[in-house]
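Here is a brief report on one protein model.

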Amino acid sequence: MNRLPHPDPISGASYSAAELMPDDATLVLLDQRQLPRAQVYLEIRDVESAARAIREMVVRGAPAIGITAAYAMVLAARRARGDVLTELERARALLALQRPTAVNLSWAADRMLSHARSLGARSAEDVAGALAEHARALHRDDVAANRRMGQLGAARVPDGAVVLTHCNAGALATGGYGTALGVIRAAVESGKTVRVLADETRPYLQGSRLTAWELMQDGIAVELIPDASAGWFFSRNQIDLAVVGADRIARNGDVANKIGTYSVACLARQHGRPFYVAAPWSTVDATTPSGEQITIEERSGDELVKLGGLPLAPAGVGVRNPAFDVTPARLVSAIFSERGVVEPVSESAILALEAARGGPGV
C-alpha cells in the first residue's frame, strides 16, 4: 500500500514509522528502505515478521524500533496458542536479538512483558487488549517527549542558524516529530529561520534518503553534503551547531549513535561549535557505566561494497562495517530530553534527573 492506512495515526503526520491498526491485529510499518523513491507500507501480523523488519531495516531509529517492539508484543499475545506469558517471554527474547545497540528495543519489550505479568491470570485475548492500550500509551509518550525536548533544544538554536545533523533522527526514527529534527522543527515553529546541512550518512544513506525527505516534506531548508565535507564547512564558519539523536546513552553520558557521529563531535569541538544530543529518557541506560560497555552492532559488508546490487568495490575485499560509534560525554555540550537538559553532561547530572522523576522511562 502507498498511503498510511491508519485512520488516526499517533504520529500526528501524514506518514508514520509504525502504527497499530484499530483492530489490534495488524502493525503497519513504513518501509524505509524504499524511501525516497516510494512510500510503501507493509502489514505485519506476527512477532517473527516484526523481528525480521527490525533486523532488515524496514524500521530503524531507536525510539521507532522500541515502538515497533511494543506493538510486536501485542501481536505475540494475540497469536498465543499456549500460556500467554511464555509466548511473550519468547517474543521478548527474539526481539532483543535483532539490534543490540539500540536500548529502546529491549526497554519497550521489557515494559510490555512487565505489564502483562501485572495483569494476573487472564485470557490471551484480554492480555492482548491490555497490551495494545499500553503500547499506544508508550507511542503517545514518545511523541510528547519529542515535542518537549524539541522545545528545550530550540531555545539553543539562534535565529538564522545553520544546523548540521547526522543520520536521521526525525519522525521516521521515532513515534513522530523527531528528536534532533524535533529540535529543528520546534525552532522553525517558534518563528526562527533555520537552514540544515544533512550529512548523507554512509553507508546506508539515512541522511540523504530520509532526513532530506522529511525536511522537504515540511518545507524546511535543507542541503545535502558528503560526510567527508563537514570539516570543510566547519572551517569556513558555515555551521553554527550540530544536533544528533542517540541509540543509547550510558550512565556517564557517553553517547552511542550512527557511525560518523564521533567525527562530527570532534569537528564541532575543534571549531568551537556546540554539539547537542536529543533523545528520550528511554534511551538513557543507567545500567551501562560508560560507552566502553555498549555493544556495537556490525552490519553486513554488502552495505559498503554494493549499491542497488551493483558492485562498488573489488570482489572479495575485506570489509569492516560498524553501525555505530561512541561519542565521549566530554564532547557533548548538552543532552535534551523530556525530563530536562543534562548540562554539563556527567554521571551525576544524569543520575540526578533519573532520581528526580522516579527512575527510567518516559
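## A loop residue

Met21 sits in the loop that links strand S1 (18-20) to strand S2 (27-30). Helices (H or I, at least four residues) and strands (E, at least two) are DSSP runs, numbered from the N terminus. The model is predicted: local features need pLDDT of at least 70, side-chain atom pairs count only at pLDDT 80 or more, and totals for chains, interfaces and linings use all residues. Residues are numbered from 1 along each chain as its sequence is written, and side-chain values use heavy atoms, with hydrogens and water left out.

Met21 has a relative accessible area of 18% and is therefore buried. Buried means under 20% relative accessible area, exposed over 50%, and partly exposed in between (1.4 Å probe, protein chains only). Leaving aside residues up to four places away in sequence, Met21 touches Pro5, His6, Thr26, Val28 and Arg136. Contact here means heavy atoms within 4.5 Å. Thr211 lies 190 residues from Met21 along the chain, and their C-alpha atoms are 26 Å apart.

## A helix residue

His134 belongs to helix H5 (residues 124-154). Its relative accessibility is 19%, so His134 counts as buried. Not counting residues up to four places away in sequence, His134 touches Arg111, Met112 and His115.

## Parallel strands and crossovers

Strand S4 (residues 161-165) pairs with strand S5 in the parallel sense over 5 bridges. Two strands pair if DSSP finds at least two bridges between them. Within this pair, Thr165 has Ala198 of S5 as its bridge partner, and Val162 stands opposite Arg195 in S5. S4 also runs parallel to strand S7 (residues 241-244), joined by 2 bridges. There, Leu164 faces Ala242 in S7.

S5 (residues 194-199) in turn joins strand S6 (residues 222-225) through 4 bridges, and the two run parallel. Leu197 stands opposite Glu223 in S6.

| Strand pair | Sense | Bridges |
|---|---|---|
| S4 and S5 | parallel | 5 bridges |
| S5 and S6 | parallel | 4 bridges |
| S4 and S7 | parallel | 2 bridges |

How well covered are the residues of S4? S4 is mostly covered, with 5 of its 5 residues buried. In a regular strand the side chains alternate between the two faces of the sheet. Ala161, Val163 and Thr165 point one way from S4, Val162 and Leu164 point the other way, and all are buried. S5 is mostly covered too, with 5 of its 6 residues buried.

S4, helix H6 (residues 180-189) and S5 make a right-handed β-α-β unit. S5, helix H7 (residues 206-217) and S6 make a right-handed β-α-β unit as well. A crossover is right-handed if, with the strands pointing away from the viewer, the path from the first strand over the helix to the second runs clockwise.

## An open mixed sheet

Another sheet is open. Its 4 strands follow the order S11-S8-S9-S14, with mixed pairing. Strand S11 (284-285) and strand S14 (324-327) stand at the edges; each has a single partner strand, so one side of each is left without a neighbour in the sheet. S11 runs parallel to strand S8 (residues 248-250), and 2 bridges join them. Ile249 has Val284 in S11 as its bridge partner.

## Cysteines

How many disulfides does a search of the whole structure find? The count is 0. A disulfide is taken as a pair of cysteine sulfur atoms within 2.5 Å. Cys167 is in no disulfide; the nearest cysteine sulfur, that of Cys266, is 18 Å away. Cys167 has 8% relative accessibility and so counts as buried. Cys266 has 30% relative accessibility and so counts as partly exposed.

## The whole protein

The protein has 11 helices and 16 strands. Its radius of gyration is 20 Å, close to the 21 Å that the globule rule gives for 362 residues, so the protein is as compact as a globular protein of that length. The radius is taken over C-alpha atoms, and the rule is 2.2 Å times the number of residues to the power 0.38. Along the principal axes, the C-alpha trace spans about 65 × 50 × 40 Å.

Of the 362 residues, 57% count as buried. Among contacts with a separation of 6 or more, residues 24 or more positions apart account for 74%. The protein exposes about 14600 Å², of which carbon and sulfur atoms supply 50%. Accessible areas come from the Shrake-Rupley method with a 1.4 Å probe; for residues, only the protein chains shown count as cover.
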